[in-house]
Amino acid sequence: MLTKFSAFITCLYILGLTACKDQKQIIDKKPNVLFILVDDLGLFDLGVTGSSFYETPNIDRLAKQGMIFTQGYAASRVCSPSRASIMTGKFTARHGITDWIGAKSGKEWRKLQRHDKLLPATYVHNLPHEDISIAEAMKSSGYKTFFAGKWHLGNLGSYPEDHGFDINIGGWEKGSPMGGYFSPWKNPKLKNTIKGENLSMRLAKETSNFIEQHKDSTFFAFLSFYAVHGPIQTTEQKWSKYREKIRKKGLHETGYKMERVLPIRHVQDNPIYAGLVESMDDAVGQVLKTLIDNGLEENTIVVFTSDNGGVASGDNFSTSNLPLRGGKGYQWEGGIREPFFIKVPWLRNAGTTSDFPVVGTDFYPTILDLAGLGLRPEQHVDGISLKPILEGKVLNVNRPLYWHYPHYGNQGGNPSSIIREKNWKLIHYWEDGTEELYDLVKDIGEQNNVLKSNPLIAKKLSNDLLDWLDKVGVQLPTKDEKFNAVLALQRHQDIITGKWPELEAQRNEILSKNFKPNNDWWSSKTTSD
């Protein structure tokens, strides 16, 4: 009897050691990282951030499982510069990609017949190889690295696989979903397999497959949606669903107001865009479920953000960013303020928020720090680790944030540079040197330029901004000697009398009962999205 009891105790001891060993392996194992980047998603395009129109239950749940940074920024008002800043940890003025890659600059700008006062500055057209990307940093630490979706950081020779990603699915030089959101699309990095397949769901499936195949290793997966960039498309079912929501709620008399250059959408009521947002949320849900199904949720850091503000003007005039002013391409908060969520399961900070101003350059050092890897301050020079904030500590750092966009966008923004320090935001315009100063705590909508009543603050911020730009050696726009004020005024009048009414008519058409974009709703009836 004693022998059996001893054997029993010995067995329990061995089992206990095994359990402790397994637990220690879980603790000692470096965390996985899932980075989710959405294209052109506005701050208020999610239920969790305040939209009563778009439905995003999966992203809402993710946000509430981690920390919500209420003053999160993209590093640029357009895509390529912002993405380069995430990859390098540097502000756009420093890495040199200051416009979306492919945009015209210099004398080539005249071909667009915009009749602007300046010729946009030149810019870098490929993610610099001398920079150590976050993927390269993770790979050098033993991580399996994966990229799916939109890249738009250079052509052949500067694809994801050239900057540290072991696997690249769908990433190439194009910034929009060529061929649309339903297969067959036109992407040499993403095969067509199922006719009518939804692009966002396909990218989610590829990411899920990668996670399942590497669940026993340590991975850095970067899911970079083409959604919700134009052309905006959805299924007939989702269009009908959101059209009905509008019908029940009541339709606003008008959908647009005039901004400085273009009309801008002031209400969220585009059922096509709403369906596109929901499909993207469905895709996020699938990947998050994969983490759970494979027992990886508790050891995976999840980051969620966007590369610039929602498209309220230009492109497809898709959404409204109110109460923020502007949208993608604009110098105001609507162009750069973003959803910014970080979930670190073992920190148990679900549902918490932080109003500390953060920016896309902070992801690089934050991820390294959370993963227990060595920081690279010589690389991510414009980013700081947010780990202390995520741990519930106070981060006593007062650092200015800088934006540099010496270009005209197709959304209505002007060539300008920005500095934000504490509550103050100063915008310097390159056309004429004028400036605007806003107190973002009192005036989040940037309606009251308080420069004249705060001359000392304005002067300090202006000097700091211009000194910093000079220090990093930025490119600046130049005066267009062929500028014609008469033609510029005529173009502006044509926008007011032509483009604006046209947009209102299109809005009503999309909401009409008999609306049909084509014969088969972008082939979406052939499969579920």
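1. A word on labels to start: helices (H or I, at least four residues) and strands (E, at least two) are DSSP runs, counted from the N terminus. By that naming, Arg348 falls in the loop between S11 and S12. Keep in mind throughout that this is a predicted model.

2. Start with the sheet. Eight strands make it up, and it is open, with mixed pairing; reading across, the order is S6-S5-S7-S1-S10-S11-S2-S12. The two edges belong to strand S6 (167-169) and strand S12 (352-354); each has a single partner strand, so one side of each has no neighbour in the sheet. Going from one strand to the next, the twist averages 15 degrees.

3. Now zoom in on S5 and its two partners. Strand S5 (residues 144-149) runs parallel to strand S7 (residues 219-224), and six bridges join the pair. Lys144 has Phe219 as its bridge partner in S7, while Phe147 sits opposite Phe222 of that strand. How much of S5 is covered? Most of the strand is: five of its six residues are buried.

4. Which helices lie on the sheet? Helix H8 (residues 271-293) is one of them: it lies across strand S1 (32-38), S7 and S10. Its direction makes about 175 degrees with that of S1. With an angle over 145 degrees counting as roughly antiparallel, H8 and S1 run at about 175 degrees to each other.

5. Helix H8 also packs against other helices, and two of those pairs deserve a look. Two packed helices are described by the angle between their axes and the distance between the axes. For helix H7 (residues 236-249) and H8, the angle is about 120 degrees and the axes are 8 Å apart. H7 and H8 are therefore oblique to each other, and their crossing is right-handed. On the H7 side the contact uses Lys238, Trp239, Lys241, Tyr242, Arg243 and Ile246; on the H8 side it uses Pro271, Ile272, Ala274, Gly275, Glu278, Ser279 and Asp282.

6. How do H6 and H8 cross? The axes of helix H6 (residues 199-213) and H8 come within 8 Å, and the angle is roughly 10 degrees. That makes the two helices, H6 and H8, roughly parallel. The H6 residues in this contact are Ser200, Met201, Ala204, Lys205, Thr207, Ser208, Ile211 and Glu212, and they meet Ser279, Met280, Asp282, Ala283, Gln286, Val287, Thr290 and Leu291 of H8. The contact of H6 with H8 splits into seven nonpolar, six polar and three charged residues. If you compare the two lists, you will find Ser279 and Asp282 of H8 in the H7 contact and in the H6 contact as well.

7. Is Thr305 buried or exposed? This residue belongs to strand S10, and Thr305 has a relative accessible area of 1%, so it counts as buried. Setting aside neighbours within four places in sequence, Thr305 touches Phe35, Ile36, Leu37, Val38, Glu338, Pro339, Phe340 and Phe363. As for Thr234, its C-alpha is 22 Å from that of Thr305, and the two are 71 residues apart in sequence.

8. Then there are a few backbone spots to check by eye. Most residues other than glycine have a negative phi, and most peptide bonds are trans. The peptide bond from Ala227 to Val228 is cis, with omega near 10 degrees, and Val228 is in the loop between S7 and H7. Another cis bond runs from Leu322 to Pro323, where omega is near 15 degrees; Pro323 is in the loop between S10 and helix H9 (333-336).

9. Finally, the positive phi values. Gln113 is not a glycine, yet its phi is positive at about 55 degrees; you will find Gln113 in the loop between helix H4 (92-95) and strand S4 (118-119). Arg348, also a residue other than glycine, has a positive phi near 50 degrees. Where does Arg348 sit? Its place is the loop between S11 and S12, and Arg348 is exposed, with a relative accessible area of 63%.

Methods. Residues are numbered from 1 along each chain as its sequence is written. This is a predicted model: local features need pLDDT of at least 70, side-chain atom pairs count only at pLDDT 80 or more; totals for chains, interfaces and linings use all residues. Side-chain values use heavy atoms; hydrogens and water are left out. Two strands pair if DSSP finds at least two bridges between them. Axes are lines fitted to C-alpha atoms, for helices over the stretch in contact, and angles run from 0 to 180 degrees between N-to-C directions. Contact means heavy atoms within 4.5 Å. Angles under 35 degrees count as roughly parallel, over 145 as roughly antiparallel, 65 to 115 as roughly perpendicular and the rest as oblique. A crossing is left-handed if the near helix is turned anticlockwise from the far one by less than a right angle, and right-handed if clockwise. Ala, Val, Leu, Ile, Met, Phe, Trp, Tyr, Cys and Pro count as nonpolar, Asp, Glu, Lys and Arg as charged, and the others, Gly among them, as polar. Buried means under 20% relative accessible area, exposed over 50%, partly exposed in between (1.4 Å probe, protein chains only).
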